[in-house]
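Biologist: Please show me the structure. I would like to ask how its parts are described.

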Amino acid sequence: MKIYSTRHGQTDFNKLDVILGVTDAPLNETGIGQAYELAEKTASLGDVELIIASPMKRALRTAEIVAERNGLTIITDERLREWDYGEYEQKSRYAEGFAEGKTEFAVKIGRNGESLMQLVHRVYSALDEIIEKYSDKTVLIVSHGGVCRVIETYFNDMTKEEFSGWFMGNCQLIEYNTRRSV
């Protein structure tokens, strides 16, 4: 099975380096353009059969643009929504303690957000189900930076330092191949 993973197009929060987790912000003009470019890239790949997306505005709109261009169905999955960054929400990406907080796996980030363990649990369970239910399809997952980072760990080992520094660009596309043993 082949899975493509992408992050939504740009939002004004992304442009300003502001932490955007559970705030349901829309794409900006640049983000809409990025989504159209992703739609064309998806068309040139020619093998995507289904889109599974976060229900958040920025990811869902990105998915809709790709789906419209490629005649694809979108399934939304709440487990693909962005990480709840707690008190860091809408603060500068360079806020004191934020980078370190992303690596504290059993501590709720921003005191009242999700722990990394909670995030990984929900994203891994979504991936397990996608692989189980759609093993005969090529799937595009449209989600968020924090979720994309966790998807990367599902397929590739990462040290704590690699995890903390890993970044997914807006509408960047990464391909993963799964092989299920029978």
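Modeller: This is a predicted model. Strand β2, residues 50-53, pairs with β3 in the parallel sense over 3 bridges.

Biologist: What makes β2 and β3 a pair?

Modeller: A pair needs at least two bridges, and β2 and β3 have 3 bridges. In β3, I75 is the bridge partner of I52.

Biologist: In what order do the strands of the open sheet lie?

Modeller: The order of the 5 strands is β3-β2-β4-β1-β5, and the pairing is mixed.

Biologist: Why are β3 and β5 called edge strands?

Modeller: Strands β3 (74-76) and β5 (173-177) each pair on one side only. From one strand to the next, the twist averages 25°.

Biologist: Which helix lies across β1, β4 and β5?

Modeller: Helix α2, residues 29-45, lies across these strands and runs at about 35° to β5. Helix α5, residues 116-133, also packs on the sheet, where it touches β1, β2 and β4. The direction of α5 makes about 160° with that of β4.

Biologist: Why are α2 and α3 called oblique to each other?

Modeller: The axes of α2 and α3 (residues 57-70) cross at roughly 40° and come within 8 Å. Angles under 35 degrees count as roughly parallel, and 65 to 115 as roughly perpendicular. The two helices are therefore oblique to each other. The crossing is right-handed.

Biologist: Which residues make the contact of α2 with α3?

Modeller: Among them are I32, A35 and L38 of α2, and I65 and V66 of α3. The residues of this contact divide into 8 nonpolar, 3 polar and 3 charged.

Note on methods
Residues numbered from 1 in each chain as written. Predicted model: local features only at pLDDT ≥ 70, side-chain atom pairs only at ≥ 80, totals over all residues. Heavy atoms only, no water. Helix = DSSP H or I, 4+ residues; strand = E, 2+ residues; numbered from the N terminus. Axes fitted to C-alpha atoms, helices over the stretch in contact; angles between N-to-C directions. Contact = heavy atoms within 4.5 Å. Parallel < 35°, antiparallel > 145°, perpendicular 65-115°, else oblique. Left-handed = near helix turned anticlockwise from the far one by under 90°. Nonpolar A, V, L, I, M, F, W, Y, C, P; charged D, E, K, R; others polar.
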